[in-house]
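Have a go at each task before reading its solution.

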Amino acid sequence: MASTIVKPQWSFGGVDCRRHAGLKPSPSAKLSLSQVGSGRRSLVVRASENRNDRSIKKLGMTDAECEAAVVAGNVPEAPPVLPKPAAPTGTPVVPSLPLSRRPRRNRRSPALRSAFQETNLSPANFVYPLFIHEGEEDTPIGAMPGCYRLGWRHGLVEEVAKARDVGVNSIVLFPKVPDALKSPTGVEAYNDNGLVPRTIQLLKDKYPDLVIYTDVALDPYSSDGHDGIVREDGVIMNDETVHQLCKQAVSQARAGADVVSPSDMMDGRVGAIRAALDAEGFHHVSIMSYTAKYASSFYGPFREALDSNPRFGDKKTYQMNPANYREALIETREDESEGADILLVKPGLPYLDIIRLLRDNSPLPVAAYQVSGEYSMIKAGGVLKMIDEEKVMMESLMCLRRAGADIILTYFALQAARCLCGEKR
């Protein structure tokens, strides 16, 4: 095999191809090409037809030819190092601080920030709370822009389909019960032909793999608007209420619920519900306990949505004092020992410390409920152009995840999932 030195032709049609090939414009450059038989390779370089195309074109050379070019001094030209950006006039000239560690180095570009991001948000982290009623039309909820009481046979099915399209496959149902069906003991709560059981059956028939959470509490069914049975002196009766809740949970499980969620805050209800479910053969049905549910002022819009405001008094004798932190550990230990599968904190963003407390002290999954007041405040701020609604929405959800929540119950589920999937609202 012979080798010969040839002088390449750099100009074609008046175009200097060295610039487009990424080579130094050296008129004395030579290439060492291998000759096979009597044939000789020819160097053909074509200029890009698109002036904005800065990609380097291949020359059709072998590895040996490329190495020979470098040895001969024809080193391909790389783009110049970018100059250091100038500081504004008046910037003081100071010696560099003697820092061995500069945390900003890991934040200096989007790629680095993404690589080192500790918390991620996915549509799979969302549970979508949905309000349902007996009507066929979807009724807007004034205090919760973008939320509706959905007709259980039509609007609900359509909303679930939209959520599934963007990866949200978990929902929790909240019923608006007709006043005529409400009673002091909430017996409608365990009617097997009631609104919630019928809705579960419909959704499971349409979407068998949909994960359905249900609310276990008497307030939507109580003529008094409380989570439990109210004695004539205003005391909320604990054990008698738990008896009703067990029947409610079993009814929901019988209809096909995947997770029952006691939100009532009665003592001992998790263990009693677990025993009731197991006795009826529903060992596979999970319990998400509202472990740390605070007597919060952030629930107002929700109670409008279900027309479930207490007819008198408040819920401070069974929901937790917002001033208390350690008490959440007591509730956590009780729920764990009684068989809870998931622990929930409600509200969400104002109680990030409680979410972290549960995360650090329990191996169980932790849920956070971004409640109606949190949702409506962000919506109102967006409408008034005081904040960027979408950015604040996503930041608030990320903060709940960062605090330790595995799943988030949020009315933003569909909107946030569309953002994560790159869709427009």
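**Exercise 1.** Find which residues His 226 touches, leaving out those up to four places away in sequence, and decide whether His 226 is buried or exposed.

*Solution.* Start with the contacts in this predicted model. His 226 touches Leu 218, Asp 219, Ile 236, Pro 310, Phe 312, Asp 314, Lys 315 and Tyr 318. Finally, check the accessibility. The relative accessible area of His 226 is 1%, and buried means under 20%, so His 226 is buried.

**Exercise 2.** Work out which residues form the positive surface patch, then classify Arg 101 by its accessibility.

*Solution.* The patch is made by Arg 101, Arg 102, Arg 104, Arg 105, Arg 107 and Arg 108. Of these, take Arg 101, which sits in the loop between helix H2 (63–71) and helix H3 (110–115). Its relative accessibility is 67%. Exposed means over 50%, therefore Arg 101 counts as exposed.

**Exercise 3.** Name the residues of the nonpolar surface patch and give their accessible area together.

*Solution.* Leu 384, Met 386 and Ile 387 make up this patch, and together they have about 320 Å² of accessible area. Ile 387 is in the loop between helix H11 (372–383) and helix H12 (389–403), and at 33% relative accessible area Ile 387 is partly exposed.

Methods: Residues numbered from 1 in each chain as written. Predicted model: local features only at pLDDT ≥ 70, side-chain atom pairs only at ≥ 80, totals over all residues. Heavy atoms only, no water. Patch = residues over 30% accessible without salt bridge, like charges linked within 9 Å, V, L, I, M, F, W, Y side chains within 5 Å. Areas by Shrake-Rupley, 256 points an atom, 1.4 Å probe, with all protein chains shown as cover. Salt bridge = Lys/Arg side-chain N within 4 Å of Asp/Glu carboxyl O. Lys, Arg positive; Asp, Glu negative; His and termini not counted. Charge placed at Lys NZ, Arg CZ, Asp CG, Glu CD. Helix = DSSP H or I, 4+ residues; strand = E, 2+ residues; numbered from the N terminus. Buried < 20%, exposed > 50% of the residue type's maximum accessible area, 1.4 Å probe, protein only. Contact = heavy atoms within 4.5 Å.
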